[in-house]
Amino acid sequence: MLFKQQALLRQKLFVLGSLAIGSLLYLVARVGSLDRLQPLCPIEGRFGPRGQDEIPLRALQFKRGLLHEFRKGNATKEQIRLHNLVQQLPKAIIIGVRKGGTRALLEMLNLHPAVVKASQEIHFFDNDENYAKGIEWYRKKMPFSYPHQITIEKSPAYFITEEVPERIYKMNSSIKLLIIVREPTTRAISDYTQVLEGKERKNKTYYKFEKLAIDPNTCEVNTKYKAVRTSIYTKHLERWLKYFPIEQFHIVDGDRLITEPLPELQLVEKFLNLPPRISQYNLYFNATRGFYCLRFNIVFNKCLAGSKGRIHPEVDTSVITKLRKFFHPFNQKFYQITGRTFNWP
Ligand code: A3P
């Protein structure tokens, strides 16, 4: 009798064990990446000498673990030396445009194992005080990375600041420049919304968008209003073209990055000569946020902060029409220069 009970128990344990192993294998298959589930092993064993374009498949895991610790400043000098980590000047910069989706672009590119982002906007080239501190100051602001990785920073003020193209050219004349744009009127309203929110936070009142965007004397578009000026993309780009050939720029469609991020990111990977590593697995739509969020691995995912994706105030349709008509010729010129056409009205 006792023997029979023990046999039954063993049988039950066997079935339960098989189920557990089965579930685990299913999970691994669903995630589609055994790599991501493997435990970390010593770095030296993982990184042998490689070619520039070879990206270690498991680097993504490093980035989230080890590099994160280094970035938080928890690393000793000895650890940094041991792991061959360096602070590199950026090989690519997201120069703008403000409210185009610059944060989303940077965070999404950072999903790539060969990309390391500078988390903060550094404002080195647009801020005279920072610029006076010199290039070493700038380099020290960069995150630690492995030598085969590339660093990317974003400071959207670069696009519209007069002195910046020459300054960046002096640092690296062959740098790659990313510009993310949205339909100009929407971008201007988004810009306004951000300023409005800042005023509200300080309990201050602010003008309506219509009042700022339209000159009350002429009833024409107010070209002195910064949110309008920033959306005249071609004017700013022309200044940059005095220093860099158009081939060094890549234009990202910020409206498409919202609705369909993967193809936009794949174009950027190509532009940066990176092997395609960002996949649909890394991007999932979050219905509550109404935006795509980022999935780094089975345990770590994140959405952008609440300040990204604000609800815009309603704007008088006649003002929208006027603005769209105003931007139209500038947009045509922008398409012509960049070779990228958008369906902007
Ligand atoms: P809105 O707040 O007007 O919707 P930036 O980072 O340059 O300031 O741009 C902010 C804009 O990024 C937001 O503008 C939002 O529409 C856009 N965006 C693009 N992809 C996003 C994402 N996945 N999550 C949140 N915002 C995103």
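Is glutamate 197 buried, partly exposed or exposed? Glutamate 197 is partly exposed, because its relative accessible area is 29%. The cut-offs here are under 20% relative accessible area for buried and over 50% for exposed, with partly exposed in between, using a 1.4 Å probe and protein chains only.

Before going on, the provenance. This is a predicted model, in which local features need pLDDT of at least 70 and side-chain atom pairs count only at pLDDT 80 or more, while totals for chains, interfaces and linings use all residues. Residues are numbered from 1 along each chain as its sequence is written, and side-chain values use heavy atoms, with hydrogens and water left out.

Back to glutamate 197. Its side chain meets that of arginine 310 in a salt bridge, at 2.6 Å from N to O. The pair links distant parts of the chain: glutamate 197 sits in helix H10, and arginine 310 in the loop between E10 and helix H16 (317-338), 113 residues apart. Arginine 310 counts as buried because its relative accessibility is 17%. A salt bridge here is a side-chain nitrogen of Lys or Arg within 4 Å of a carboxyl oxygen of Asp or Glu. Helices (H or I, at least four residues) and strands (E, at least two) are DSSP runs, numbered from the N terminus.

By that rule the count comes to 17 salt bridges. In general, side chains of opposite charge can pair when their charged atoms come close. Among the residues involved, Arg103, Glu107, Lys117 and Lys302 are linked in a network of salt bridges.

Next, helix H9. Which residues of helix H9 (residues 164-171) are buried? They are Val164, Pro165, Arg167, Ile168 and Met171. These residues are on the same side of H9, because they cover an arc of only 165 degrees around the axis. The arc is that of the directions from the helix axis to the C-beta atoms. The buried residues of H9 pack against strand E2 (92-96), helix H7 (128-131), helix H8 (135-140), strand E6 (176-181) and helix H13 (233-240). Contact means heavy atoms within 4.5 Å.

Arginine 167 counts as buried because its relative accessibility is 14%. Arginine 167 also forms a salt bridge with aspartate 128, where the closest N and O atoms are 3.0 Å apart. That pair links distant parts of the chain, with arginine 167 in helix H9 and aspartate 128 in helix H7, 39 residues apart.

The side chains of lysine 170 and glutamate 166 meet at 3.4 Å, N to O. Both lie in helix H9, 4 residues apart, about one turn of the helix. As background, an α-helix has 3.6 residues a turn, so residues three or four places apart point the same way. Lysine 170 is exposed, with a relative accessible area of 61%, and glutamate 166 is partly exposed, with 34%.

Now glutamine 88, found in the loop between strand E1 (86-87) and E2. Glutamine 88 counts as buried because its relative accessibility is 14%. Its side chain makes a polar contact with the side chain of serine 145, at 2.8 Å. Not counting residues up to four places away in sequence, glutamine 88 touches residues including Arg139, Met142, Tyr146 and Thr151.

Some backbone geometry. Most residues other than glycine have a negative phi, and most peptide bonds are trans. The peptide bond from glycine 96 to valine 97 is cis, with omega near 5 degrees. Valine 97 is in the loop between E2 and helix H6 (102-109). Asparagine 203 has a positive phi, near 60 degrees, and lies in the loop between helix H10 (184-201) and helix H11 (209-213). Asparagine 203 is exposed, with a relative accessible area of 75%. Asparagine 273 has a phi near 60 degrees, also positive, and counts as exposed at 59% relative accessibility.

Last, valine 299, in the loop between strand E9 (291-295) and strand E10 (301-302). Valine 299 counts as exposed because its relative accessibility is 71%.

Definitions and conventions:
Polar contact = N/O pair within 3.5 Å; in protein donor to acceptor, adjacent residues only side chain to side chain.
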